[in-house]
Amino acid sequence: MSESTDIQPDFKQFPPGISYTIFSKESELKDIQSLIDKELSEPYSIYTYRYFVYNWPQLCIFARHGERYVGVIVCKMESLGCMLQGYIAMLAVDPTYRLLKIGTTLVEKAIDVMIQESADEIVLETELTNKAALRLYDSLGFIREKRLVRYYMNGVDALRLKLLLPWRQSDEENS
């Protein structure tokens, strides 16, 4: 009798059915923390996660494959004078599920919510060395605004990226 082995499916050939949901209950905090702690270099306390998910639950979006959490984006919105700014704080995708556009879809869904809530721009920081993240945000129209020297605790520089929402300006000009 042969032993069974855990075989990973070839997702590139057979993409899984991924569903997207927003934060809805306290127990999901562990799932957020687990994904982010594995994938991002910065440690965050449970209080940081609570700050985001309880103030902006509509901007904490999960990607799920069945019952498994495979991706998450955590964002916020804040008023800066006469401007409303969206901020992408954290984005993580389980390595097994990369290259399936889950990260792109999570960012697009967050952008859609921010547009519905009348954001004027969206900003974020990412490690200068994170080429995959830079490609993702470049493909969505983010511009590289500023280099932040030794921004992260590990000493790595960051890039501040910004997405201007020109359709908001067009809406205002047409009213």
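I take buried to mean under 20% relative accessible area, exposed over 50%, and partly exposed in between, with a 1.4 Å probe and protein chains only. I note that this is a predicted model, in which local features need pLDDT of at least 70 and side-chain atom pairs count only at pLDDT 80 or more, while totals for chains, interfaces and linings use all residues. I number residues from 1 along each chain as its sequence is written, and side-chain values use heavy atoms, with hydrogens and water left out.

**Entry 1: the chain as a whole**

I looked up the secondary structure and found five helices and seven strands, where helices (H or I, at least four residues) and strands (E, at least two) are DSSP runs numbered from the N terminus. Read from the N terminus on, the elements run β-α-α-β-β-β-α-β-α-β-β-α. The chain has 175 residues, and 41% of them count as buried. I take contact to mean heavy atoms within 4.5 Å; among contacts between residues at least 6 apart in sequence, 63% join residues at least 24 apart.

**Entry 2: Ile46 and the helix pair**

I began the local work with Ile46, which has its place in helix 2. Is Ile46 buried, partly exposed or exposed? Its relative accessible area is 22%, and therefore I record Ile46 as partly exposed. With neighbours within four places in sequence left aside, Ile46 is in contact with Leu29 and Gln33. The C-alpha atoms of Ile46 and Leu29 are separated by 7.8 Å, although the two residues are 17 apart along the chain.

I then looked up how the two helices are set against each other. Two packed helices are described by the angle between their axes and the distance between the axes. For helix 1 (residues 28-39) and helix 2 (residues 46-55) I noted an angle of about 120° and axes 11 Å apart; the axes are lines fitted to C-alpha atoms, for helices over the stretch in contact, and angles run from 0 to 180 degrees between N-to-C directions. On the helix 1 side the contact is made by Leu29, Ile32, Gln33, Ile36 and Asp37, and on the helix 2 side by Ile46, Tyr49, Arg50, Val53 and Tyr54. The residues of this contact divide into seven nonpolar, one polar and two charged, with Ala, Val, Leu, Ile, Met, Phe, Trp, Tyr, Cys and Pro counted as nonpolar, Asp, Glu, Lys and Arg as charged, and the others, Gly among them, as polar.

Ile32 lies in helix 1, and I count Ile32 as buried because its relative accessibility is 0%. Which residues does Ile32 touch, not counting those up to four places away in sequence? I listed Phe23, Tyr49, Val53, Cys60, Phe62, Val72 and Val74. For one of these, Val72, the C-alpha atom is separated from that of Ile32 by 6.6 Å, across 40 residues of chain.

The largest nonpolar core has 50 residues, and Ile32, Ile88, Tyr137 and Phe142 touch the most other members; such a core is a set of buried Ala, Val, Leu, Ile, Met, Phe, Trp, Tyr and Cys residues joined through side-chain atoms within 4.5 Å. Helix 1 itself lies across strand 1, strand 2 (60-65), strand 3 (68-80) and strand 4 (83-93), and runs at about 95° to strand 3.

I traced an open sheet of seven strands in the order 1-2-3-4-5-7-6, with mixed pairing; two strands pair if DSSP finds at least two bridges between them. Strand 1 (19-22) and strand 6 stand at the edges with a single partner strand each, so one side of each is left without a neighbour in the sheet. The twist averages 25° from one strand to the next.

Strand 7 (residues 158-164) is mostly covered, with five of its seven residues buried. Strand 5 (residues 121-127) runs antiparallel to strand 7 and is joined to it by seven bridges; I noted Glu125 with its bridge partner Arg160, and Glu121 opposite Leu164. Strand 6 (residues 143-148) is also antiparallel to strand 7, with five bridges between them, and here Arg147 stands opposite Leu159.

Leaving aside neighbours within four places in sequence, I found Thr126 in contact with Ala133, Leu134, Tyr152, Asp157, Ala158, Leu159 and Leu161.
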